[in-house]
Amino acid sequence: MKLSRQFTVFGSAIFCVVVFSLYLMLDHLQLDSSKNPKGGAGGGFIQKGQLSILQDKIDHLERLLAENNEIISNIRDSVINLSESVKDGKGNPELLNLSKGSFPELLASPPVVIPVEAEDCQFASKPYLKPPDGVQMLDVYSLLPFDNPDGGVWKQGFDISYDEHEWDNEPLQVFVVPHSHNDPGWLKTFDEYYRDQTQHILNNMVVKLHEDEKRKFLWSEISYFSKWWDSIDSQKRDAVKRLIERGQLEIATGGWVMTDEASAHYSAMIDQLLEGHQWLEKNLGVKPVTGWAVDPFGHSSTMAYILKRSGFSNMLIQRVHYSVKKHFSIHKTLEFFWRQNWDEGSNTDILCHMMPFYSYDVPHTCGPDPKICCQFDFKRLPGGRISCPWRVPPEAIHDGNIQQRAQMLLDQYRKKSKLFRTKVVLAPLGDDFRYSEASEWDQQFQNYQKLFDYMNSHPELHVKAQFGTILDYFKALRKAAGLSPLIGIPTVFPVVSGDFFTYADRDDHYWSGYFTSRPFYKRLDRVMESHLRAAEIIYSFALANVHKFSKMEVFPSSENYKMLTEARRNLGLFQHHDAITGTGKDWVVVDYGTRLFHSIMNLKRVIIDSVHFLILSSKGEYKHNPSSMFLQMDDVQPSQDALPRKTVLRVTGETRSLVVYNPTEQDRTAVVTVYVDSPKVKVATLLGQPVMGQISAVWEETATISAEAYQVSFVTQLPALGLKVYQLVEGTDVNVLLADYNLYKTDEAIPVNSNSAFKVNVMQSNPMNYIIENSHLKIWCSGSSGLMEKIKLKETGKELNVKVEFVWYGTTSNRDKSGAYLFLPDGEAKPYSSSGSPVIKVTTGAVFSEVTSTYHHFTHTVRVYNIQGVEGQSVEICNTVDIRGEFNREIAMRITSDVNSSDRFFSDLNGFQIQPRRTLGTLPLQANFYPLTTMAYIQDEQVRLTLHSAQSLGVASLKSGQLEVIMDRRLMQDDNRGLGQGVQDNKVTANLFRLLLEERVRLDKTENSKPVSFPSLLSHMSSLYLNHPVIPMAVSHDFSTSHLLPAFSPLTSSMPCDVHVVNLRTIQSKQGIGPSEEAAFILHRKGFDCGFSTKNMGLLCSTTKGKIAIERLFNEFKVQRFVPASLSLMYTASEVRNSSSIQLEPMEISTFRIQLT
C-alpha cells in the first residue's frame, strides 16, 4: 500500500505542477500585455479581447481542475494492478536480450487498466435473438448444396408456372424502369467515356423525356452528372429541374460513383456518398431515398447501414451468388428488410429488392427466359450494331403483332411476379452506357408504350404496365404490402442479416480474384484515405483558427478547399466498382493512379499550410508563399506507380525543427522515423528535453549501406488530433544509440561496405532461431528462412506457434482461367521455394528490432517496437513483393498457428464490422476467400490471433489455425467478364500488416453460435494506428523556428476509447466554390469485445457509455453551433439547437453540423 500511496501522490503532483505552470504562463501573458505599447492609449490596460482570451484560459483551467478528481480516481483504481505488475516484473526471467544489452522500455507508463463501463461490455456479450421470420446468411450458406442443375430456360433457377386467374381480384402492376449504367472508368477512362457516350446520353435524356410525360429515366453516378452539368446552359439546367419535379427523372443513390462494396473502406464509402449528396443539394435540391447497385460484385451489409443512416428507405442489389438467388426465389424472400447482425430491434432495417436473374441487362430482367426478354430489347432490332445471342431478334411493334407480343411479354412479367410476395413487378430496362443515341430512345420508349397501351386497354389481362422510376416501384410495393411510405413493420417481408460474399455468377466462377487484383493501387487508396482525412481535420481546425485571429486575407482557404474538393472527388472516383477492384484496362488504371498521386501531393500542401498557421505562436507572422513552403513532407512519391521515398533531412549544428501530426483522436505514443544525412543526431523537444532514439542504416541493396542517409527513430508523445514540435541537431547523445546488424547467408559470402558507422556482423552459419523482443512480446524466427515461427506474450507467459510461410497458386488448365475478376486455381497452393538461401538481416536497437529476409520475389520484415502502448503489443509485418517475371501465378502469405479455430474465422466488412465466416467443404477453394479490408482473425477458447491490414486483399482460413492473404496476382489472360485482358501491369508492391495475439480474460460460451463478433479495444486501436500513421514534417531551412508553439492540442483530452472521429470535413459554402464556416463532424462508436485485457495499452482514455460532453470536447475552440444531421448531411434536425452533449449507441455512425470559433 506504500507503493500505492506513492503513485497516487506522484500522479497528483504532476497534475498540480502542470496546472501551476499554466497559471504562471497566463500571469506572464498578462504582464506582457500590459507592457505592450499597442495595448491601448494608456498602455497599462489589457484590451477587452485579450481579457476575453484570458478569461477563456481560466475557465478552461477550472474545467481541468474539475476533471482532476476523475483522473485521480482512475489512478487510484489502477494502483492495485500497478503494484502487482511491478512485483511480477521484478521476478520476470524473460528480460530483453539484445546484442547491445538491455534497453529500458521507452516512455514507459504504469500498466494502467483502461476504465471500461460494465454497461459498455454488455453489447458484445448479449445473447443473439433471431427474428421469427429471420434469415441469417451464415445459416443459408450451411444449408445450400451449391449444386448447379440445369433449370431449363432459367438455367440457374427452375420452371415457373401460374394460374391465369391469379390476378383476377388484384391486377398485376408492372414498372419498367429505363436506366443507363455508366461506369466511371473501365474499358475507357472516365473522361473518354464522358466524351464518347455519357454526355450524349444525358443530352438526349433532356430532349426525349420532354417529348412524353409518361417517360421515366433513372440516373445514379454524380461524377458524370456534375461534369455534364458544368457544360450545359441555364435553359437546359431548368429543363432538368422540371423533369425531376415531375418525377420523370430520378437520381438513385446519388453517390459520386456506384461504390465497390468489398475492397472499399467505410470512411471512403461515406465520403463519396457525401460528396454526391452535397453536390445534389447545392445544384438540384434533390434528396435521393432509394439505393441502386446493379453492378458491384457482391454486396455488403455496411452499404445497407450507410444508406439507412443517410435517410434512405429502399435499396436494390443485383450481383448475388446464383445459388443464393435461387434459394431466395424458392422461398419468395427476394424482397426483405436488411438488418445489421448486431441489431436486436429494427433500427437498421432497410427494404431491399434483390434482382432474381443472371444480369441487369434487358435479356435478364423482364422474366426468367432470356431468349424471350431479348426480343424486347429494341436496341437489338435487325440492322443495329448488337443482336440477340439466342438468334431470335426483336420485332418492332405494330397492329399486326401487338397482341401476340404483348401476351409473350406479359407471360414473362407474370412468371417473374411468382418469385415475389406481392403483385407488383419491377422490370429494369437498360444496360451499360445505353441510350447514347436518339434512335434508341425512340426504339425503346415508342415500342414499349404501344405494348403498355395494349395491355392497359384490355381489362381481361388484369395488368397495369407503365414506365416508372425505382421510387415509383417501391411506393407501389409498400402500398401493396400494407407498409407506410417510409417506415414499415416487417410483416409481409422477412428480415435478412449478413452479407452477400463471395459472388459467383455461374459454375465455379467465384469473383474472389478482384479482392487482391492490382494491390499496389489498393495500398495507394488507403494512403490517400489517411492523407485526405488528416488534411480535412487539420484544415477545419486551421480555418476556425484563421477566423478567430481574423487572418482570412492571408490564409489560402479557398485554394486549399479547392484541392480538398478535388481530392474528395478523385478518391470517390476510385471507390467505383471497376477502380479499387483492379478490374480496369491498363491505361485506365494509370489514369486512376495519376489522379490519386496528384491529390496526395495536393493534400500534403493543405496539411503543410494548415499546420504552418496552427503551430505559429505569433499568428501575425504567418505568410503564405506557395513557391517556398514552410514545412517539408517526410516522403515523396516519384510517380503514380512507384513506392514513396523518404526525404533526407540535412542536419547541422543549428537546430532543425520537426513538427509531428497525430491524426488519431487518442493521445498517442508513437515511433517516428525520419531520414537524416548524418549518423550523429540529437533529438529533443522544443523545450530542450532529450528524447531517446535509435540511428539505423539505410540499406540501398540487400548488403549495401548508404553513406548519404541514416534513419533516426524516436518515440513521441502526441496530443489527440494535434501537433508537437521536436528538434534535430547534429551531435552525439547518450540517448541516441546506433543499431547493430547481423547478416546471414549460408551458401555464399556477402560483401558489406566496411566504412559505415554501424557494426555489421556477417555470418555464413545460421543459428537455430533469431529472437527479437520487447517488454510485451518475444518472437522466434526460423534460422533457415528468417520467417516467424513462435510468439510469446510476456505478461502471461503464453506461447503460441505462429508460422509464416509463402505459397504459390497457379491457374486451372480448364478453358476458363483466373483473371482480374475470377480466382480459378489449379488446386491447393504449393510452397514457395527459392534456388538459393535468403539473405537474413537481424537488426537490434533501442527503439525497434527486426528480422528481414530477402528472397527473389519478396522481402519480408518482422519488426517489434520497444515502446509501452498499442504499437508495442503487436508484430509489424511488411512484405515488398515483385512478381513481374511470373506467368499465371499468385503469391500468398500463409500464417499457420496452434489456434484451434476449426472451420470458423472472422473477416471485416469495409473496416466497419466483423462478419463471421465458415470454411465450407461444399464449396471450391476459391469460394472460401473473402474480402479483407482492415482485419481478419481466428480464435479458440484461450486466444485470438488477428491479422491487421493496411490495404484490401483476399483472405481465407482453409484449415484450422490458418489465415492466408493473397499478396499479388499476375495473370496472362482475360477471364471472359468483359475486360478483354489479363493482369500483367504488376508493380513492386509494399503491403503492411500487424499481427496481434491476445489472450482471453473471460470466455463467452455462446460466441460460436452468434452471427456477430467484435474486435477488442486493443485491436481497434491497432487498426486505427496502422491505417492512420503519424505525419512528420520538417521546418524548411529558410525559416526561423523561434516562434513555434511546443504543441497544438485541439481536444481537451483523448476521445472515449470506443469513439472514432471518422472525419471533420469542412462543408461547402452555399455560393461559390469555397468553404463555409461549418464542418461535418462524423463519429463512430465502435462495438468491442471485453473478453480481452485492456492493460498496458498506454492510452489515457476510458469508455463513457457513448456519452460525449460537447462543451468540454475542444481545447482551443468554442463550439458555436452543434446540430445533429443525417449521415450524408441531406437532413438536419428540425429543432435547430445546440446540443451540449450527445449519446451514441454501440456501432452507431452519426454526423453533426459543427461550427468552431
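Reader: Is cysteine 121 buried or exposed, and at what relative accessibility?

Author: In this predicted model, cysteine 121 has 17% relative accessibility; buried means under 20%, so cysteine 121 counts as buried.

Reader: Which cysteine forms a disulfide with cysteine 121?

Author: A disulfide is a covalent bond between the sulfur atoms of two cysteines. Here cysteine 121 is joined to cysteine 1090, with the sulfur atoms 2.1 Å apart. The link is left-handed, with -85° about the S-S bond. Cysteine 121 belongs to helix α3 (residues 118-125), and cysteine 1090 to the loop between β48 (1075-1085) and β49 (1107-1109), so the pair ties together parts that are 969 residues apart in sequence. Cysteine 1090 is buried too, at a relative accessible area of 11%.

Reader: How many disulfides does the structure hold, and what pattern do they follow?

Author: There are 4 disulfides. With bonded cysteines counted along the chain, the pattern is 1-7, 2-3, 4-5, 6-8.

Reader: What is the handedness of the link between cysteine 1057 and cysteine 1101?

Author: The torsion about the S-S bond is about 110°, so the disulfide of cysteine 1057 and cysteine 1101 is right-handed. Its sulfur atoms are 2.0 Å apart. Cysteine 366 and cysteine 373 also form a disulfide, with 1.9 Å between the sulfur atoms; there the torsion is about -90°, so that disulfide is left-handed. Cysteine 366 is buried at a relative accessible area of 4%, and cysteine 373 is buried at 1%.

Reader: Now the salt bridges. How many are there?

Author: The count comes to 58 salt bridges. One of them joins glutamate 275 to arginine 1065, the closest N and O atoms being 2.6 Å apart. Glutamate 275 sits in helix α8 (residues 266-283) and arginine 1065 in strand β47 (residues 1059-1068), 790 residues apart. Glutamate 275 is buried, with a relative accessible area of 2%, and arginine 1065 is buried with a relative accessible area of 2%.

Reader: Which residue meets glutamate 281 in a salt bridge?

Author: The partner is arginine 1153, at 4.0 Å, N to O. This pair links helix α8 with strand β52 (residues 1149-1156), across 872 residues. Arginine 1153 counts as buried at 9% relative accessibility, whereas glutamate 281 is partly exposed at 34%. Salt bridges that share partners also join Asp271, Glu275, Glu536, Arg568, Arg569 and Arg1065 into one network.

Reader: Why is helix α10 described as largely enclosed?

Author: Of the 9 residues of α10 (residues 322-330), 8 are buried, so the rest of the structure largely encloses this helix. Among the buried residues are Tyr322, Val324, His327 and Phe328. The cover over them includes β1 (134-136), α4 (137-143), β7 (335-339), β8 (350-354), β11 (495-497) and β12 (504-506). Just after α10, lysine 332 takes a positive phi of about 55°.

Reader: In what order do the strands of the open sheet run?

Author: The sheet has 11 strands, with mixed pairing, in the order β26-β25-β32-β33-β34-β35-β44-β41-β40-β37-β38. From one strand to the next the twist averages 20°. Strands β37 (residues 904-909) and β38 run antiparallel and are joined by 6 bridges; serine 907 has glutamine 915 in β38 as its bridge partner.

Reader: Which helix packs on the sheet?

Author: Helix α18 (residues 1017-1027) does, touching β40 (935-939), β41 (943-949) and β44 (989-999). The direction of α18 makes about 165° with that of β44.

Conventions
Residues are numbered from 1 along each chain as its sequence is written. This is a predicted model: local features need pLDDT of at least 70, side-chain atom pairs count only at pLDDT 80 or more; totals for chains, interfaces and linings use all residues. Side-chain values use heavy atoms; hydrogens and water are left out. Two strands pair if DSSP finds at least two bridges between them. Helices (H or I, at least four residues) and strands (E, at least two) are DSSP runs, numbered from the N terminus. Axes are lines fitted to C-alpha atoms, for helices over the stretch in contact, and angles run from 0 to 180 degrees between N-to-C directions. Contact means heavy atoms within 4.5 Å. A salt bridge is a side-chain nitrogen of Lys or Arg within 4 Å of a carboxyl oxygen of Asp or Glu. Buried means under 20% relative accessible area, exposed over 50%, partly exposed in between (1.4 Å probe, protein chains only). A disulfide is a pair of cysteine sulfur atoms within 2.5 Å.
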